[in-house]
Amino acid sequence: PMHTAINLAIIGAGGFTGAILRFLISSWVQSRSTSAIFPLGTLAVNMLGCLLIGFLSALAENQGIFSQETRRFVLIGLLGAFTTFSTFGNETLNLLQASKLELAMLNIGLQVMLGVGLVWAGRLLAALL
């Protein structure tokens, strides 16, 4: 149906935008990193995305300030493509395969603990509004 096609187009447009932003920001952070091995660009993108999704989803849920279309564009499309943990998984596996166990564990710990903490922080920030 037409409604489904419109929703998919909205999500797709958000995903297109999020993927491009993810590439640009991740590449920018990684290019300024002193580490050629540790994936700081992906860490930065995932943490920023976690903060944003916590903040924006709390605003959407608690204050109803987003239309369904905006929620689909931002929360599902843009942030869904922006915060890809598939890259995290691949880079962690690459570190493990390169016998970089300490860096792999550091990556896992930072991505998960900071990510959950920043979702919580985003929700706290939204509650202050």
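Trainee: Where does Ser 99 lie?

Mentor: In this predicted model, Ser 99 sits in the loop between α4 (85-97) and α5 (101-127).

Trainee: What should I look for in its phi?

Mentor: Start with the general idea: most residues other than glycine have a negative phi. Now the case here: Ser 99 is not a glycine, yet its phi is positive, near 60 degrees.

Trainee: Is Ser 99 buried or exposed?

Mentor: Exposed means over 50% relative accessible area, and Ser 99 has 62%, so it counts as exposed.

Trainee: Let's step back into α4. How many residues does it have, and how far does it reach?

Mentor: It has 13 residues and reaches 18 Å from its first C-alpha to its last, close to the 18 Å expected at 1.5 Å a residue.

Trainee: Which residues of α4 are buried?

Mentor: Thr 87, Phe 88, Thr 92 and Leu 95 are buried. Seen down the axis of α4, the buried residues fall within an arc of 130 degrees, so they line one face of the helix. On the other side of α4, Ser 86 and Gln 97 are exposed.

Trainee: What do the buried residues of α4 pack against?

Mentor: Their partners are α1 (2-31), α2 and α5.

Trainee: And which residues make up the largest nonpolar core?

Mentor: There are 11 in all, among them Val 45, Leu 56, Val 74, Phe 82 and Ala 126. The elements giving two or more residues to this core are α2 (40-63) and α3 (68-82).

Definitions and conventions:
Residues are numbered from 1 along each chain as its sequence is written. This is a predicted model: local features need pLDDT of at least 70, side-chain atom pairs count only at pLDDT 80 or more; totals for chains, interfaces and linings use all residues. Side-chain values use heavy atoms; hydrogens and water are left out. A nonpolar core is a set of buried Ala, Val, Leu, Ile, Met, Phe, Trp, Tyr and Cys residues joined through side-chain atoms within 4.5 Å. Buried means under 20% relative accessible area, exposed over 50%, partly exposed in between (1.4 Å probe, protein chains only). Helices (H or I, at least four residues) and strands (E, at least two) are DSSP runs, numbered from the N terminus. The expected span of a helix is 1.5 Å times one less than its number of residues. The arc is that of the directions from the helix axis to the C-beta atoms. Contact means heavy atoms within 4.5 Å.
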